[in-house]
Every structure is written in C-alpha cells, then in structure tokens.
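Here is a short briefing for a reader new to this structure. Take a look at the model, then work through the points below.

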Amino acid sequence: MAAPAQGEDSDDGMDEFMEKFKAQKYKNAFNESNWEEEFNKVPMFMKTAPEIIDPEKNPDLACIQSIIHDDDRTPEEQARGLKDEGNDYFKEKNYKKSVLSYTEGLKKNCMDLELNAILYTNRAAAHFYLGNMRSALNDATAAKKLKPDHVKAIIRGAQCSMELRNYVGVLQWCDEGLKLLPTDKKLLELRATADKLKREADKDARKAKVKAKKEQNEKKALLAAIKERGIKLLKTELSRHRGSDSEDDDGHGGASRALADLELDGMGSQEATGACVFMDEQGVLHWPVLFLYPEHSQTDFISAFCENSSFMDHLAVMFGEELPPWDTERKYQPQNLQLFFEDPEKGHLYQVDLEKSLLNVLQHQRCFLKAGSPSFIVLVSGSLFSKQFLSGKKVKRSK
C-alpha cells in the first residue's frame, strides 16, 4: 500500500498547517531553557491553574473546561469543539485519537450539515493515514452525500479508491470532482493514473482469460486422450470430496473433477516436482512415474516417461554404468530386477514385463492411477528381501 503524501491533510486549514513544515522546522518543541515553563502549561503538571482560562494560551484547559460544561452548549457547539480537538490530534499525527474525537462529534447529531460533512471528511483523512482505506472511503462517501460539492471529500474518495485498486471508482470520483473544478491538479493526476492502470488491468484480465481458456481446452483434450486409451484414474479422498460439489459453471463439472486427479501427491506432488502428465504435439502422453525400492527405503522419479517407451529402456539408463550410491552390494543390475504394480482394491501385486511399454501396462484391467502418477515397486529377483517382501502376497503376472 502506498504511503499517503504528507501534504494531504484534513479540512479547516490543516493542509496549510502541514505544508509549512516542508519549509521550516517545528519551533515549539521543549528545550533546556523553557521546559519548566512548557510543563507548567500541561494540566497534569500545573502547580496553579489560571483564574481566567484563555483558549489561546491554555487550549488543553479550555478543552477540559468545555467538557465539564458540555451540557450548557448546543449540539453544534459541542460537535465543533470535538472537531477542533480532533484537528489538534491530527496535527500531532495522533490519528487514532483524532478518529475518536471526530466520531464523538458526529454522535452529537447536530443539524449543521456542513459541519457534519467536515467531520466525516476529517475522519476520512485520519483513517486514510492509518491505512483504513475502506473506512476512509465510507466516510468520504458520507461527506459527499451531505455536501455534494465538497471537493476535499471527493479527492479523498478518489485516493481511497486508488489505494483499493478500484480504478473504475477513481474515475467516477474524479469525473464528479472535475465537473466542479475542471483544472484541479490532484483530480487530473489521479484520473490519468487510474485510467492508465485500468487499461493495464483490463489487458491483463483479457490475457488471463485467454490463457485460462487455452489451458482448459488442453486439459479437456488430455482427459479425452486418457479415456480413449482406457486408462483408469483412482480418485483421492480430496478429489472425492470435491466431487460432491455441484458442476462447474461451464457445464463440465465431471471433467474438471477428474482433471483435478491429474496431479501428483505425496513425494510426487506437482508442487514438489513441477511434473504432471502432458500430451506432446504428436498426441503422445508422457507420465510422471515413481519407482519405489522398499529394501533401501529409496525412490526414483521420472518426470516424463513416454507411454511408448519400455521399462527396460529406462532401467538400462538408471542402472547402467553408474549405480546408485545406496546399492552398496551392486545388486540392482537391469537384468536382475523385477517390477510390480499394486491393485489398490484387492491388494494383489502384478509383475510387469520389462520389455512392454508403459502404455501397455497402464491399460491393464487392474492398474489404477492414483492422482495421475503411476508407481512401481522394484525388487532384486531371488534376493532374500524380495522373498520376504513377496511372502504372503498374492502375485500375478500382468498380460
């Protein structure tokens, strides 16, 4: 959020008050020669109070006195006093207290519409500097409703809308203000900036819409290709929960829910690897495939396994000249390996023919893809661990 400019303050001459500090320093600060005198002006530290309170010399005492005798004053006088109190807090940059003073002033429900408009405008300014843009905008709107030609309220409304990135709102506020002051510099600058940012935002929105449409069409084509091949997707618990919702606005709720499963979960999640099944320009599918080595609690991940490639093609590369460091016994030679996939419903293991293609295995009637990621268990044929791992499991050979 952009920091508000220092020259933009509330009503009643406070703009001019703040502007002067750009050219000169504050001269009323305490120093070694006058601190006792200044402290004696503060009600809490006064040794004796003056018999006659001069609001110019003792504004704090005058404020306390006015509060004590509030009942003797009209709602308009009370609201004006609270406005002045809020202005004093504002000049001290104590915006929270200024908000409270202006709020109390509005609670007086005086009949002076212009005074109420100023209270709203000033409170909008305080909220603006506190970063409460929505509250500031509401106050600017209320002030303009009471006084339609109140230019400061209009400028504040435009500034708040800009901070909220509501560029249409900025243009509306500026157009109304420029009807009153066609040459106002702030309104002209705000309008030019909002117009530029709106055009950029509209352009980005159009690009995003085209991109989203293209991605949706690609996903539909991908899903159609998967279904055409007879590959079965197993819904996860999360996707089943999403599936209970109503269909999407585009009428393809079922397709969208199924596409949600074409992401990876766990170690092979799309967030962790950036991999997902995709179709190349020739219409060939490439799958993210996970290999599990239970004997060593290790995994391998191939981000783009071509559906027409055989398992042996990849194993020959993975376990060729350079073997993995965890295979200290050098057992994981391509010719010694066995691959299995698990039937998630029955728990049976199906042994994979290493010379067959990935597509051929994925089309097996008991092969189901969880979250769009095929996974296979890799064992060393005839090893003690393999025998123990497979004992008690029903193993079938895939055809």
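Lys 93 lies in the loop between helix H4 (75–91) and H5. This is a predicted model. The protein has 16 helices and nine strands. Of its 399 residues, 40% count as buried.

**Loop residues with positive phi**

- Lys 93 is not a glycine, yet its phi is positive, at about 65°.
- Is Lys 93 buried, exposed or partly exposed? Its relative accessibility is 46%, so Lys 93 counts as partly exposed.
- Arg 330 also belongs to a loop, the one between helix H14 (311–318) and strand E5 (337–342).
- Phi of Arg 330 is positive too, near 55°, and this residue is other than glycine.
- Arg 330 has a relative accessibility of 45%, so it counts as partly exposed.

**Overall contacts**

- Take the contacts between residues at least 6 apart in sequence. Of these, 59% join residues at least 24 apart.

**Helix H5 and Tyr 102**

- Helix H5 covers residues 95–107, and Tyr 102 is placed in it.
- Tyr 102 has a relative accessible area of 0%, so it is buried.
- Which residue lies 22 residues from Tyr 102 along the chain, with the two C-alpha atoms 9.4 Å apart? That residue is Arg 80.

**Helix H6: Asn 116 and Ala 125**

- Helix H6 runs over residues 113–130 and holds Asn 116.
- Ala 125 is also placed in helix H6.
- Asn 116 is buried, because its relative accessible area of 10% is under 20%.
- Ala 125 has 1% relative accessibility, so it counts as buried.
- Which residues does Asn 116 contact, leaving aside its neighbours within four places in sequence? They are Leu 106, Cys 110 and Leu 146.
- Asn 116 and Ala 142 are 26 residues apart along the chain. Their C-alpha atoms are separated by 9.3 Å.
- Ala 125 and Tyr 95 are 30 residues apart in sequence. In space they are 8.7 Å apart, C-alpha to C-alpha.

**Helices H7 and H8**

- Helix H7 takes in residues 133–146, and helix H8 takes in residues 151–163.
- The axes of H7 and H8 come within 8 Å. They cross at roughly 150°.
- Why do H7 and H8 count as roughly antiparallel? The angle of roughly 150° is over 145 degrees, so the pair falls in that class.
- The crossing of H7 and H8 is left-handed.
- On the H7 side, the contact is made by Met 133, Ala 136, Leu 137, Ala 140, Ala 143 and Lys 144.
- On the H8 side, it is made by Ala 153, Ile 154, Arg 156, Gly 157, Cys 160, Ser 161 and Glu 163.
- By class, the contact of H7 with H8 has eight nonpolar, two polar and three charged residues.

**Helices H9 and H10**

- Helix H9 spans residues 167–180, and helix H10 spans residues 185–228.
- How do H9 and H10 pack, and how far apart are their axes? The angle is about 150°, and the axes are 9 Å apart.
- H9 and H10 are therefore roughly antiparallel to each other.
- H9 passes H10 in a left-handed crossing.
- From H9, the residues in the contact are Tyr 167, Val 168, Val 170, Leu 171, Cys 174, Asp 175, Gly 177 and Leu 178.
- From H10, they are Leu 187, Leu 188, Leu 190, Arg 191, Ala 194, Asp 195, Leu 197, Lys 198 and Ala 201.
- The contact of H9 with H10 divides into twelve nonpolar residues, one polar and four charged.

**Cysteines**

- How many disulfides are there? The count comes to zero, with a disulfide taken as a pair of cysteine sulfur atoms within 2.5 Å.
- Cys 174 has 0% relative accessibility, so it counts as buried. Cys 174 is also one of the H9 residues that meet H10.
- Cys 367 is buried as well, with a relative accessible area of 5%.

Conventions: Residues numbered from 1 in each chain as written. Predicted model: local features only at pLDDT ≥ 70, side-chain atom pairs only at ≥ 80, totals over all residues. Heavy atoms only, no water. Buried < 20%, exposed > 50% of the residue type's maximum accessible area, 1.4 Å probe, protein only. Axes fitted to C-alpha atoms, helices over the stretch in contact; angles between N-to-C directions. Helix = DSSP H or I, 4+ residues; strand = E, 2+ residues; numbered from the N terminus. Parallel < 35°, antiparallel > 145°, perpendicular 65-115°, else oblique. Left-handed = near helix turned anticlockwise from the far one by under 90°. Contact = heavy atoms within 4.5 Å. Nonpolar A, V, L, I, M, F, W, Y, C, P; charged D, E, K, R; others polar.
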